[in-house]
Amino acid sequence: MKYLLRKFLEHREAMALAIFIAGLPFIFFLRDGLRLAPANTYFSIALLFGPLALTLLFKDLKYFESPNKPGMFMIGWFLIITFVYFILRDRFTAVQGLTETFNYILLFTLFVSINFMRQVSLSKFFIHAIIFISLIGAASLLYYTFTNPLYQIGQRASISFEEDGAKGGNPHINARGAFYGLIACVIALKYQKKINLGILYPTVSILLFIVVLFLTQTMLGFMAAFLFISLFTYFNFNFSSVVSTAKFFLFKWYVLLALVLGIGKGIVEIKNNEEFITPITNYLTFRVNNIVKSFTNPDNKKRKPSNSDESANMRIHLLTTVFENAEENFTEGKVRYILFGNGFKHLYVDVPYIEVFDSFGLIVFVFYSIMFFYMAKLCLGEIKNPKSFGTEFLAYFFIYYFIANFTAALVIDYTRLGTYMLIFKFIKK
């Protein structure tokens with residue numbers, strides 16, 4: 001016990017960082033799955049940010065490792081600009097002042113904490129912690145799903161919560177956690193001599209994370225996983241390395257045994273549970289067909305929204321509203337709203353890149369674009385030529401938010417902006 005406590009204190013920053021990145025699935029299980037604090041946002045924030053806040057007590061603020069200066073400068077100014085927009089709201093919005101103030105306190109605390117982190121935070125213990133935390137998050141979803149009497153076969157799996165009498169859940173949280181675990185396991189296998197986790201543990205964990213991705217049925221999760229696998233394969237394998245890797249795995253008897261048992265069990269389960277698999281494959285086929293049609297249908301702009309995807313319909317409606325507002329402002333000569341935006345969170349656009357344009361205007365949109373694509377360039381450079389397994393993880397970790405920037409969620413979100421800060425802190429060139 002003393003040994004574990006000593007190791008935890010020694011690697012407290014790595015553990016706090018891993019909890020911040022991959023801890024939400026398990027936190028939601030504790031909060032809503034076990035009903036320790038149903039739908040309580042402050043409970044989630046305490047567990048997510050508490051470890052990072054505690055590391056501030058042990059930091060030597062005189063010791064400072066320089067981050068990526070242009071990147072950290074830009075994300076710092078982006079925080080300040082959006083905070084000023086929040087304070088100086090000039091149009092009515094349904095923004096809760098107290099909640100947003102608390103969000104910015106968290107964001108600025110995060111900014112200070114990450115800036116004073118050291119490279120050692122991304123040690124092999126960090127990868128160990130990411131895999132472990134992601135794994136218990138995935139296991140908790142499986143436990144909750146298959147012990148939930150209300151769960152129906154083919155339904156998107158998530159930890160349901162109840163707020164103001166309405167029940168819901170967020171499968172994206174679990175898909176994101178599984179994606180992070182998938183990256184960490186692949187990194188662990190790539191650097192298995194340095195990270196020292198063996199082969200079986202990461203391999204079995206990868207299979208579990210893939211199961212969670214299929215259970216949650218989130219297109220963003222599938223796209224991120226596909227892009228990650230594609231990039232990792234392209235930059236790490238050629239024909240000879242594929243052959244040597246295959247030999248390495250196939251000469252391990254326990255890996256062969258696990259593969260044979262796993263494939264055999266999988267075939268049996270698929271045959272016995274076709275009613276479970278069919279809704280998932282139908283969903284994927286439906287989403288892929290819609291994406292293909294959006295690019296190939298010449299009458300796409302005139303196409304009526306589908307009645308079967310309410311979230312997509314609402315997103316299309318809001319995007320249409322944003323551009324209609326911009327056209328109206330331009331026509332009426334309201335240049336101010338085009339250049340400086342319509343006000344803090346003017347609309348719940350649910351597409352971060354477009355939200356920046358709608359809320360903060362063309363000037364901040366250009367600034368954000370420069371920052372975002374500079375960050376993407378940094379990550380791609382790190383993927384091509386990784387400096388360490390920790391920074392390589394962060395570079396692949398960014399894939400999820402790269403896709404999400406054009407598809408889902410809000411800009412002023414501590415997990416999103418925290419990701420940006422981490423990249424600018426640890427990836428220098």
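A crossing is called left-handed if the near helix is turned anticlockwise from the far one by less than a right angle, and right-handed if clockwise. Everything here comes from a predicted model, where local features need pLDDT of at least 70, side-chain atom pairs count only at pLDDT 80 or more, and totals for chains, interfaces and linings use all residues. Residues are numbered from 1 along each chain as its sequence is written, and side-chain values use heavy atoms, leaving out hydrogens and water.

**View A. Helix α5 against helix α6.** Here α5 (residues 69-87) passes α6 (residues 97-115) in a left-handed crossing. Their axes (lines fitted to C-alpha atoms over the stretch in contact, with angles from 0 to 180 degrees between N-to-C directions) come within 11 Å and cross at roughly 165°. That makes the pair roughly antiparallel (over 145 degrees). Look for Met72, Ile75 and Phe86 of α5, and Tyr104, Leu107 and Phe111 of α6, among the residues in contact (heavy atoms within 4.5 Å).

**View B. Helix α2 on helix α7.** The axes of α2 (residues 12-22) and α7 (residues 124-147) sit 9 Å apart at an angle of about 40°, and this crossing is right-handed. The contact includes Leu17 and Ile21 of α2, plus Phe125, Phe126 and Ser134 of α7.

View C. Helices are DSSP runs of H or I, at least four residues, numbered from the N terminus. As a straight helix, the 33 residues of α17 (352-384) would span 48 Å at 1.5 Å a residue (1.5 Å times one less than the residue count). Instead, α17 spans only 27 Å between its end C-alpha atoms. There's a kink of about 135° centred on Gly361, taken as the angle between axes fitted to the seven residues ending there and the seven starting there.

Key. Helix = DSSP H or I, 4+ residues; strand = E, 2+ residues; numbered from the N terminus. Parallel < 35°, antiparallel > 145°, perpendicular 65-115°, else oblique.
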